[in-house]
Amino acid sequence: MSSQRSNRLAIVLLVLCASCATSGSTATSADERLDAPASWGSLAEDVVLVGGFGRVAALAVSQTRAFVAGDGGIAIYDRLGSRWLVPAPLRGAREILVDRMGRGTYIYANGWWILSSDRTLLPLSPGQAPSRDEVIPSPDAQQILRETPGLQSFGALLTRDAQLRTWPLSVLARAPERNEIWAGTNGGGVFVVDPVFLRSTQMPYGLRNRSATALALAADGVWIAEEPDAAAAPDLAITFASEDLTTWRWLSPAHGAYAVAAMTVREHYACMSTTIGAIVVDLESSTPAVPRLHAYTQLGDPTSAWATPAGCWVGGTSGFTRLPWPSDSAARAITFSNNGAASAFASSGDTTWIATMAGVRVHVSGSTDGGEAAAGASHAALFEATPAALPNALRGPIRALTLAGAGLALVTDRELWLTSGPARLSSAVRVEAPIDRLGRIRRIAGDERTLWLAGSRGAAAFSLRDHRWQYVTPSGATGAGGFAIDLDRAREVRDVVLSARVAWLATAAGVVRVARGADGMPR
């Protein structure tokens with residue numbers, strides 16, 4: 001069944017667009033098809049990994065659900081509730097069929113699986129496959145086009161997004177009640193088409209590409225900077241996800257497929273440290289703009305970004321800068337290129353702490369900032385050095401820092417320190433930390449309850465109250481129903497941000513949302 005349907009689909013897609021992807025039953029290796037043990041139990045919501053769904057390989061629509069196969073697994077849309085549900089982590093899907101009796105959905109990914117109505121994902125026995133009598137008839141793309149001639153004439157317009165980019169069609173599916181056609185694309189996700197009035201709505205879910213590189217907290221969710229994919233879209237890819245994962249927005253506020261190492265957001269502006277320099281973009285822009293570059297040659301490779309009312313701090317391997325927000329026309333950018341690399345920032349009130357190769361620098365905002373810089377005064381005069389009372393270990397490279405309770409948390413190459421006292425730097429205590437297990441620490445996030453460390457081999461949470469560690473590496477994370485993530489790419493955690501109820505992790509496999517308990521630790 002899979003081979004015959006795939007051949008018909010390949011033929012019609014070649015007619016529609018020469019660059020369309022086919023959804024043939026190409027064999028998929030075992031490690032590509034499932035990021036989990038053989039039986040998942042109920043799809044969990046305590047730890048959720050959402051990957052890329054810009055490229056759609058297969059579709060199926062029932063009266064209550066729509067199922068979309070992408071790089072990140074199977075996205076599930078609740079048609080009655082008009083919201084996205086937790087995805088099924090089955091990759092490499094080539095065909096999706098809906099059971100006639102409502103027992104579930106059959107998915108072919110180098111073997112048949114069934115996703116039951118209670119969202120349990122289980123493999124069928126080898127050689128077992130659903131019969132035609134068990135599934136709802138699903139017309140192939142050629143039949144859908146034949147019965148809806150307007151699709152052939154207006155197909156390009158029906159897969160055009162809000163920023164007027166047209167995406168090549170990859171697969172079609174029709175709703176049972178025939179009032180909707182779902183169109184999957186190669187790069188633009190899925191569109192819901194009204195076959196009568198020939199109009200469409202893009203339904204973004206997950207990431208457009210496969211990887212997340214940086215995060216910034218929003219009032220009701222998170223902003224995600226994606227790893228560039230020049231083949232899919234030559235623009236900066238920024239995605240918004242609501243905290244409940246039901247609402248997603250795909251933005252392209254700037255031209256250029258460049259990598260974002262760090263991002264911070266204030267109002268509707270995103271300030272980023274990127275491979276082309278320090279930039280500020282407008283997230284409300286309706287079309288991609290050419291970004292204005294700041295201090296590219298002085299900063300070196302990108303490392304960090306942080307928002308304060310006085311401006312956006314952006315760091316690199318050779319220096320750091322504070323950029324004015326576009327709404328502050330009187331302010332000017334100040335670049336500190338002789339103060340070494342800045343790997344992280346934290347701020348409270350008018351004080352900003354900067355992690356550098358020579359310890360922690362402290363900057364207090366004031367009217368002298370612009371005057372001293374304009375007069376050519378030493379940039380070092382704008383900062384206080386690491387206090388003498390702190391240990392020598394904190395006078396070398398500081399790889400990450402964050403506010404933690406009434407003090408700071410500082411990460412060196414091998415150690416974690418907690419500071420306290422006046423200016424948060426009067427004393428320091430070393431804390432036993434699993435830094436060797438986590439690899440190179442990329443980011444650290446903290447609040448009044450916990451610290452979360454993001455490393456090249458996973459993440460861990462630390463309770464400030466009882467000094468308890470809990471690993472959050474995706475390979476070991478579990479949630480309701482025995483949910484587990486076993487994906488090498490997800491172990492590389494690049495960023496972490498915290499809201500009161502969840503922690504967000506940016507990984508090479510997508511974005512991970514971890515529910516937090518009352519103590520702030522993973523639930």
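Biologist: Which residues lie nearest the centre of the largest pocket?

Modeller: This is a predicted model, and its largest pocket has a volume of about 680 Å³. The lining of that pocket is made up of 31 residues. Those that lie nearest its centre are Leu217, Thr264, Trp306, Val496 and Val497.

Biologist: Which strand gives the most to the lining of the largest pocket?

Modeller: At least two lining residues come from each of β14 (212-218), β18 (260-266), β21 (302-308), β25 (342-348), β28 (400-404), β32 (441-446) and β36 (493-498). With 5 residues, the element that gives the most to this lining is β32.

Biologist: How many residues of the lining of the largest pocket are nonpolar?

Modeller: Divided by class, the lining of the largest pocket has 5 charged residues and 6 polar ones. The nonpolar class, in which Leu, Trp and Val are counted, has 20 residues.

Biologist: Which residues lie nearest the centre of the second largest pocket?

Modeller: The second largest pocket has a volume of about 590 Å³, and 24 residues line it. By class, that lining divides into 9 nonpolar, 8 polar and 7 charged residues. Nearest the centre of the second largest pocket lie Pro302, Thr303, Arg440, Arg442 and Arg443.

Biologist: Which element gives the most to the lining of the second largest pocket?

Modeller: Two or more residues of the lining of the second largest pocket come from each of β18, β21 and β32. The element that gives the most here, with 3 residues, is β32.

How values were computed: Residues are numbered from 1 along each chain as its sequence is written. This is a predicted model: local features need pLDDT of at least 70, side-chain atom pairs count only at pLDDT 80 or more; totals for chains, interfaces and linings use all residues. Side-chain values use heavy atoms; hydrogens and water are left out. On a 1 Å grid over the protein atoms alone, a cavity is a set of points where a 1.4 Å probe fits but cannot get out, and a pocket is an open set with protein on both sides within 12 Å along at least five of seven lines; lining residues have an atom within 4 Å of a point. Grid points are joined across faces, edges and corners, and a volume is the space filled by probe spheres set on the points. Helices (H or I, at least four residues) and strands (E, at least two) are DSSP runs, numbered from the N terminus.
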